[in-house]
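Student: Hey, can we go through this one together? I'd like to ask things as they come up.
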Amino acid sequence: MASTRCAACKYLRRRCPSDCIFSLYFPSNNPQRFAYVHKIFGASNVGKMLQDLPVHRRADAADSLYYEAHCRIKDPVYGCVGIINILHQEIHNVQCQIAKIQAEIAFLGTHAQSDQQLQIAPNLDPNFLAEQKGLSNSFDDSSTWFF
Amino acid sequence: MGGNSPCASCKLLRRRCAKDCIFAPYFPSDDPHKFAIVHKVFGASNVSKMLQELPLHQRADTVSSLVYEANARVRDPVYGCVGAISYLQNQVSQLQMQLAVAQAEILCIQMQQEQAPITTTSPVLLEEDDKSSLFLHQNDLPQFLTFSSSNNVIYDSFKKESLFGQDMIS
């Protein structure tokens with residue numbers, strides 16, 4: 001006859017009552033789930049946390065406890081906080097990239113406007129002026145508008 | 001730390017604070033809340049085991065992260081730190097979309113300027129009504145800053161580990 005105990009009661013080697021707080025969230029087919037949670041938080045604390053929550057929130061709570069326990073086992077020093085730090089860093093990096101591109105866009109915008117202004121202003125080559133006589137506009141031979 | 005003054009953990013646990021108390025360096029007596037919250041979420045026994053399994057130079061950071069997680073769990077009993085992770089992942093996704101839009105915009109601008117009808121080097125003689133001729137020298141188009149987009153495809157492992165498909169912002 002197959003055992004009907006949940007993973008928690010199996011791990012704790014006790015009888016699994018019909019109203020076991022763990023049974024819904026720690027099924028017997030996933031023993032690692034409870035093992036991780038018990039290692040980090042302890043069965044007693046997990047039971048208290050679940051009992052303090054309304055029934056419809058307990059599944060998410062059990063999932064998040066498992067996720068945190070898993071992170072802590074993978075990274076015993078920083079756990080979930082390590083992931084949060086990395087995410088903060090990534091947010092900062094992407095924001096810097098966005099700011100850089102926006103600055104480039106602004107620069108290109110102003111540069112395009114100044115190019116249009118340069119096209120309108122005449123560039124006077126003295127050699128050309130020497131060839132062209134009778135111009136209505138008199139220009140200073142030494143003046144060069146452009147470099 | 002004097003032997004007469006128990007650390008916060010030994011005060012809470014009502015026991016004698018030994019000279020080699022594992023908690024004493026990280027839970028001073030002047031901050032009882034710090035240990036209280038860690039004990040509430042993780043339990044003193046579990047915290048002690050975690051610290052004992054780590055080298056000395058990593059224990060301070062471990063305690064800090066445990067305190068952070070415990071505080072997050074008390075503030076949000078359902079999601080704890082995982083709620084913050086989900087929120088930050090969403091933020092990263094939104095920023096990456098903004099980055100992609102900005103990159104597309106700058107590419108459009110670059111393409112438009114490269115296709116501009118004005119020639120780059122040869123002078124253009126323009127005839128005008130007042131018989132004056134103009135030389136127009138057009139410098140080379142400026143070299144645009146090459147921006148290599150670093151498409152940081154981040155956190156595939158986080159996405160794989162993500163347990164929640166929905167927004168968990170509380």
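Student: Let me start with a cysteine: is B:Cys108 buried, partly exposed or exposed?
Tutor: B:Cys108 counts as partly exposed, at 41% relative accessibility. The cut-offs are under 20% relative accessible area for buried, over 50% for exposed and partly exposed in between, with a 1.4 Å probe and protein chains only. Keep in mind that this is a predicted model, where local features need pLDDT of at least 70, side-chain atom pairs count only at pLDDT 80 or more, and totals for chains, interfaces and linings use all residues. Residues are numbered from 1 along each chain as its sequence is written, chains are lettered from A in the order in which they are written, and side-chain values use heavy atoms, with hydrogens and water left out.

Student: OK. How many disulfides are there over all chains?
Tutor: The count is 0, taking a disulfide as a pair of cysteine sulfur atoms within 2.5 Å.

Student: Switching topic: what's the secondary structure of chain A?
Tutor: Chain A has 6 helices and 0 strands. Those are DSSP runs numbered from the N terminus, with helices being H or I of at least four residues and strands E of at least two. Of the 147 residues in chain A, 41% are buried.

Student: Which residues of α3 in chain A are buried?
Tutor: Helix α3 of chain A covers residues 43-51, and its buried residues are A:Ala43, A:Asn45, A:Val46, A:Gly47, A:Met49 and A:Leu50.

Student: And what do they pack against?
Tutor: Elements from both chains: α1 (7-12), α2 (31-40) and α4 of chain A, plus α2 (32-41) and α4 (56-75) of chain B. Contact here is heavy atoms within 4.5 Å.

Student: Where do α4 of chain A and α5 of chain B meet?
Tutor: A:Ser64, A:Tyr67 and A:Glu68 in α4(A) meet B:Cys81, B:Val82 and B:Ile85 in α5(B). That contact has 4 nonpolar residues, 1 polar and 1 charged. Nonpolar covers Ala, Val, Leu, Ile, Met, Phe, Trp, Tyr, Cys and Pro, charged covers Asp, Glu, Lys and Arg, and the others, Gly among them, are polar.

Student: What about B:Glu69, buried or exposed?
Tutor: B:Glu69 is buried, with a relative accessible area of 1%. It sits in helix α4 of chain B. Not counting residues up to four places away in sequence, B:Glu69 touches residues of both chains, including A:Glu68, A:Arg72, A:Tyr78, B:Phe42 and B:Cys81.

Student: Now the core. Which residues have the most contacts inside the largest one?
Tutor: They are A:Phe22, A:Phe26, A:Phe41, B:Phe23, B:Phe27 and B:Phe42, in a nonpolar core of 50 residues. Such a core is a set of buried Ala, Val, Leu, Ile, Met, Phe, Trp, Tyr and Cys residues joined through side-chain atoms within 4.5 Å.

Student: Which element gives the largest share of this core?
Tutor: That's α4(A), with 5 residues. There's also a second, separate core of 23 residues, which includes A:Cys71, A:Leu87, B:Val82 and B:Leu95.

Student: Last one: is B:Pro32 buried or exposed?
Tutor: B:Pro32 is exposed, at 52% relative accessible area. B:Pro32 belongs to helix α2 of chain B, and its C-alpha is 7.8 Å from that of B:Leu12, 20 residues apart in sequence.
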